[in-house]
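Please open the model in your viewer and keep the sequence panel beside it. The stops below each begin with something to select, followed by what is to be found there.

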There are 2 protein chains.
Amino acid sequence: MRVLGIDPGSRITGYGIIEKIGNRFTHVDNGAIFTDSHDEFAIRLQKIYRGLTAVVEEYRPDAMAVEQVFLARNAQSALKLGQARGAAIVAGVNAGLPVAEYTAMQVKQAVVGYGHAGKDQVQQMVKALLGLPEIAQADASDALAVAICHANSALLRTMTGTLLQSNVRRRR
Amino acid sequence: MRVLGIDPGSRITGYGIIEKIGNRFTHVDNGAIFTDSHDEFAIRLQKIYRGLTAVVEEYRPDAMAVEQVFLARNAQSALKLGQARGAAIVAGVNAGLPVAEYTAMQVKQAVVGYGHAGKDQVQQMVKALLGLPEIAQADASDALAVAICHANSALLRTMTGTLLQSNVRRRR
């Protein structure tokens with residue numbers, strides 16, 4: 001399955017596409033959409049929407065995954081972040097993708113195996129799991145991490161479904 | 001000029017379309033998009049996006065206007081509101097509309113003539129200015145108010161531009 005992970009932000013929206021076949025992850029692409037703070041806010045939201053729509057058209061992922069946000073410095077920054085998330089998520093759902101959310105703890109657990117791992121550990125594990133030559137740009141790395149989390153969870157859901165349905169042995 | 005005012009929210013997104021010809025306002029339509037809290041958040045954002053896109057296609061406004069938000073109860077509610085705003089604004093800008101923001105004080109000043117007017121006064125003036133048979137649904141009424149604010153400001157901008165360019169007499 002091919003997953004598009006995103007890390008939306010009003011200034012920088014990271015994205016990462018991974019593919020999981022069997023037990024192996026493959027890195028497909030990652031990058032970031034930068035918006036210009038001098039532009040009108042509506043134009044910046046459109047840039048995020050259009051950028052992600054173009055990524056979806058190019059790589060045709062099966063799902064979009066995004067990290068849940070619980071902490072924001074204050075209401076005003078939460079509003080800005082929310083607007084960017086809204087634009088990004090609508091790009092996914094308008095392209096027909098299911099959109100899943102994961103908590104930061106779920107992402108860390110999936111990538112590092114430890115829910116309280118530090119940011120550095122997550123970035124190193126993303127690099128290692130995907131065989132990247134170097135650590136990806138911070139927002140793109142976070143996007144790859146949530147994509148990995150979704151691919152693992154989706155596999156687990158499929159396996160659970162199989163187990164429930166036919167009680168077969170768990171396969172990887 | 002025809003203006004679409006919106007009052008986005010994760011539960012209810014109000015909209016109102018008005019037309020200003022010369023010095024007169026005409027009410028075109030108003031309504032609200034309700035999202036179901038049992039639906040996935042991405043589906044709710046898509047409903048806002050699609051609902052407003054349909055409104056734009058039906059009424060072909062010249063501009064979208066939205067009230068700026070400064071107050072939110074807390075960061076979590078600001079994030080939710082921001083997501084709804086992001087989806088709504090992208091619907092406007094993707095349809096080719098310029099999107100303008102106004103503070104609550106600007107809206108009150110434009111509608112009631114007094115920046116500290118109460119919510120009741122604004123609703124009554126919206127009803128009176130547009131000749132509505134009764135006060136519109138609260139979110140739709142707020143949307144009509146910001147549309148009126150934009151129509152007045154845009155007229156002012158046009159007049160100012162005309163005055164600056166050619167020093168001609170003010171026309172209505």
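Select A:Arg60 first, which is found in the loop between α1 (41–59) and β4 of chain A, where helices (H or I, at least four residues) and strands (E, at least two) are DSSP runs numbered from the N terminus. This is a predicted model, in which local features need pLDDT of at least 70 and side-chain atom pairs count only at pLDDT 80 or more, while totals for chains, interfaces and linings use all residues. Residues are numbered from 1 along each chain as its sequence is written, chains are lettered from A and ligands numbered from 1 in the order in which they are written, and side-chain values use heavy atoms, with hydrogens and water left out.

Stay on A:Arg60 and look at its backbone: phi is positive, about 45 degrees, although the residue is not a glycine. Most residues other than glycine have a negative phi. Is A:Arg60 buried or exposed? With a relative accessible area of 60%, A:Arg60 is exposed; here buried means under 20% relative accessible area, exposed over 50%, and partly exposed in between, using a 1.4 Å probe and protein chains only.

Now jump to the other chain and select B:Arg60, which is found in the loop between α1 (41–59) and β4 (63–67) of chain B. Phi of B:Arg60 is likewise positive, near 45 degrees, and B:Arg60 counts as exposed at 59% relative accessibility.

Return to chain A and select α1(A), the helix that is followed by A:Arg60. At 1.5 Å a residue, its 19 residues should span 27 Å, and the end C-alpha atoms are 27 Å apart, which agrees; the expected span is 1.5 Å times one less than the number of residues. The buried residues of α1(A) include A:Leu45, A:Ile48, A:Tyr49, A:Leu52, A:Val55, A:Val56 and A:Tyr59.

Next, select A:Glu67, which lies in strand β4 (residues 63–67) of chain A. In an unreviewed entry, UniProt places the feature "binding site" at A:Glu67; such positions are given in the numbering used here, feature names are shortened, and annotations may be inferred rather than shown by experiment. A:Glu67 counts as partly exposed, at 27% relative accessibility. Which residues does A:Glu67 touch, not counting residues up to four places away in sequence? They are A:Ile6, A:Arg85, A:Tyr102, A:Thr103, A:Ala104, A:Val107 and A:Val146, where a contact means heavy atoms within 4.5 Å.

Select helix α2 (residues 75–94) of chain B, whose 20 residues should span 28 Å at 1.5 Å a residue, in agreement with end C-alpha atoms that are 28 Å apart. Because 17 of its 20 residues are buried, α2(B) is largely enclosed by the rest of the structure. At the start of α2(B), a side-chain oxygen of B:Asn74 reaches to within 2.9 Å of the backbone nitrogen of B:Gln76, and after the helix comes B:Gly96, whose phi is positive, near 85 degrees.

Still in chain B, select B:Gly14 in strand β2 (residues 12–21), a residue that is buried, with a relative accessible area of 0%. B:Gly14 and B:Ile33 are 19 residues apart in sequence, and their C-alpha atoms are 6.4 Å apart in space. The residues that B:Gly14 touches, leaving aside those up to four places away in sequence, include B:Gly5, B:Asp7, B:Gly31, B:Asp139 and B:Ala143.

Now show the whole of chain A, which has five helices and five strands in the order β-β-β-α-β-α-β-α-α-α along the sequence. Of its 172 residues, 49% count as buried.

Colour chain A by pLDDT, the predictor's confidence in each residue, from 0 to 100. The average for chain A is 88, and 88% of the residues score at least 70. Among the elements of chain A, strand β1 (residues 2–7) has the highest mean pLDDT (97) and helix α5 (residues 138–166) the lowest (75). Over residues 161–172 of chain A, pLDDT stays under 50.

Finally, display both chains together. Chain A can be laid on chain B with an RMSD of 0.0 Å by a turn of 180 degrees and a shift of 0.0 Å along the axis, the superposition being by least squares on the C-alpha atoms of residues with pLDDT of at least 70 in both. The two copies are thus related as by a two-fold rotation axis. The same surface serves both copies, since 100% of the contact residues of chain A recur in chain B.

Conventions
A polar contact is a pair of N or O atoms within 3.5 Å; within protein, one must be able to donate a hydrogen and the other to accept it, and residues adjacent in sequence count only if both atoms are side-chain atoms.
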